[in-house]
Amino acid sequence: MGQTLTEKILDDHLVEGELETGEEIGIEIDQVLTQDTTGTMVWLQFEAMGLDEVQTEIAAQYCDHQTYQFDFKNTDDHRFLRSAAGKYGAYFSRPGNGICHNVHRENFAAPGKTLLGSDSHTPTPGGLGELAIGAGGIDVTVAMGGAPYYIEMPEVVNVRLEGELPEWATAKDVILELLRRLTVKGGVGKILEYTGPGVESLTAPERMTITNMGTELGATSSIFPTDEQTEDYLERLNRGDEYERLQPDDDAEYDDEIVVDLSDLEPLIAQPSMPDKVVPVREVAGQSVEQVIVGSCTNGGYEDVLPAAKMLEGREVNSTTEMIVAPGSKQASEMLAREGWVAEMMAAGVNFSEATCGACIGIGHVPSSDSVSLRTFNRNFEGRSGIEDDNVFLCSPEVAAAAAIKGEIIDPRDLADEEDGLEAPGIELPDEYDGSKTDLITPEEAPDDELVKGPNIGDVPLKDQLDADIAGEALLKMEDNITTDHIIPATQDILMYRSNIDKLSEFTLSRVDDTFAERAREADGGVLVAGENYGQGSSREHAAMCPMYLGIEAVLAQSFARIHRANLFNFGIVPLTIDEDTYADIDQGDEVEIVDDVYDAVTSGQEEFTVRVNGEEYTATLDASERERAILAAGGKLSWTKEQAQSDEG
Ligand code: SF4
């Protein structure tokens, strides 16, 4: 039987296990990336493990999430990150140089490589045939130290593309269509592999818009085969020698198949406040729009901003609307500036911003209360924009620019009927990506060789070995689809404490209940109860680290998002799955007791646990590999890795 492209790359990197769906496999990692919100802990853990030097082919530290400087904290963190990159041998991308995924794809992403990143949108370079996976920071730390990355072999789903996109439909509409059909849980436990005759009509940047947002489906990764489009893109990046043709075998067998006929697509939009609330733009047309933003790691490339700029040429942003353009990389900004497009957009009324995540996590350009904001981003979780009563829609740059011109949501095809000379801009790649690279510092050029820690850099929290007894109050009962933004918000006022867990933990779950942290401290621990898909969203390990720091010992949920589930193991919190009836029977404030000796049960491979609530007994399940159980028993991955190192030495 032939192999899928996913299997071929995994086979090339396999160090442990077999490629059987659901089996745990260990793979060698070629490249790692980390960004500033997750990076400080990555390097503090690297130091705590006593590691000397990066062992992967490429390690890159980006500063993109918190680039604005309000006081010393962010700058302290950036200085620490630069010093860690210098000391241990990673590339360092300075604040303002761009979003990790954009800068990584421009400089390092390559066909056939494996990439592990402490950011949930790490799968972006799947559009270039790289197998890229998002993970918690400590998993990245360990991989950077040269150890394999362990994962349950996902199902491989064939997403067969047919036809070609019609005018005004874009790559964003392809992934929005998949979200409409499959929902934010539809990709869990799966790698989406794109095939079919429609693939060749999509340029590499368009493919990367699709793979970037596979994360919103909950997918482990998304990948395209490589072909002339991939080679063409790499050549324009002056990296043509890194091209390698990679295709699945003709007789490859997939676990499932989804067919998307590109020629059936039309401009789509995700309504507030979930990326899968997708409808045709025409269904919500006419709503007035106060803010439009083009940017982010999904649609912030040169090729994404250019269509919006072309639509604005000779036109004006409506006086009722503010339009912001924040390219994904400084290289894109620089090229658009050299070609005169920045001036053209500014003349049309655009507010041109620096290359940063910024507004995507509520840092800057917060919308006004109860107003409509159209963004080309990948997420519109409630409150992520920086205010609770936000109404954020997700769409393509073309739909965003049309709304900016009209001042209301409008299908760009309808705007073209109204506006003389407005034509579909299509996609255009530059002859050469020729921005300067001064803000990407190579390990050889690194100015530091010692760690520099300012007062904002705290210690890595450690947990003791897993307890035999777990009992305590159900401190919080939550609904379905709780995001890591709910657990630890990524807004500026909170995330500036990312390197100081004692302070950061005060904000744990404050978006759900602002008394939570105080109650958890007073109770000296307890358990959390949640519905389906608990912990979806970012890879932020703080969302497990802070509850652990507050003494949370177990989370009882109907299901867990993949990266967050791994983070719970990594920080010694027991993730137990419960059914719908058990969920319904537990109330916030109930005393919850795990009847079994938890340490013994975890280490002996027991799957079913008895949970006593108000005198009633229920069954909860721990579905975990031997390695995950060992990590949990040790009190988390840092303790476990140290134990491993000691036993290897002994
Ligand atoms: Fe940055 Fe937003 Fe992309 Fe995350 S999703 S990397 S915050 S632009």
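A residue counts as near a molecule or strand when its C-beta atom, placed from the backbone, lies within 6 Å of it. Everything below comes from a predicted model, where local features need pLDDT of at least 70, side-chain atom pairs count only at pLDDT 80 or more, and totals for chains, interfaces and linings use all residues. Residues are numbered from 1 along each chain as its sequence is written.

**View 1. The shell around the ligand.** Around the ligand sit His65, Ile99, His101, Asp119, His121, Ser296, Cys297, Cys357, Cys360, Ile361 and Asn378. They split into five nonpolar, five polar and one charged (Ala, Val, Leu, Ile, Met, Phe, Trp, Tyr, Cys and Pro count as nonpolar, Asp, Glu, Lys and Arg as charged, and the others, Gly among them, as polar). Domain 1 (5-264) and domain 2 (268-416) each supply at least three residues of the shell; the bounds come from an automatic or database domain assignment.

**View 2. An open sheet of three strands, with antiparallel pairing.** Strands are DSSP runs (E, at least two residues), numbered from the N terminus, and two of them pair if DSSP finds at least two bridges between them. The order here is S1-S2-S8. S1 (14-16) and S8 (149-152) are the edge strands with a single partner each, so one side of each has no neighbour in the sheet. From one strand to the next, the twist averages 45° (axes are lines fitted to C-alpha atoms, and angles run from 0 to 180 degrees between N-to-C directions).

**View 3. The S26-S27 hairpin.** S26 (residues 608-613) and S27 (residues 616-621) run antiparallel, joined by six bridges. Phe609 has Ala620 in S27 as its bridge partner. Two residues lie between the strands, and Asn614 in the turn has a positive phi of about 50°.

Conventions: Helix = DSSP H or I, 4+ residues; strand = E, 2+ residues; numbered from the N terminus.
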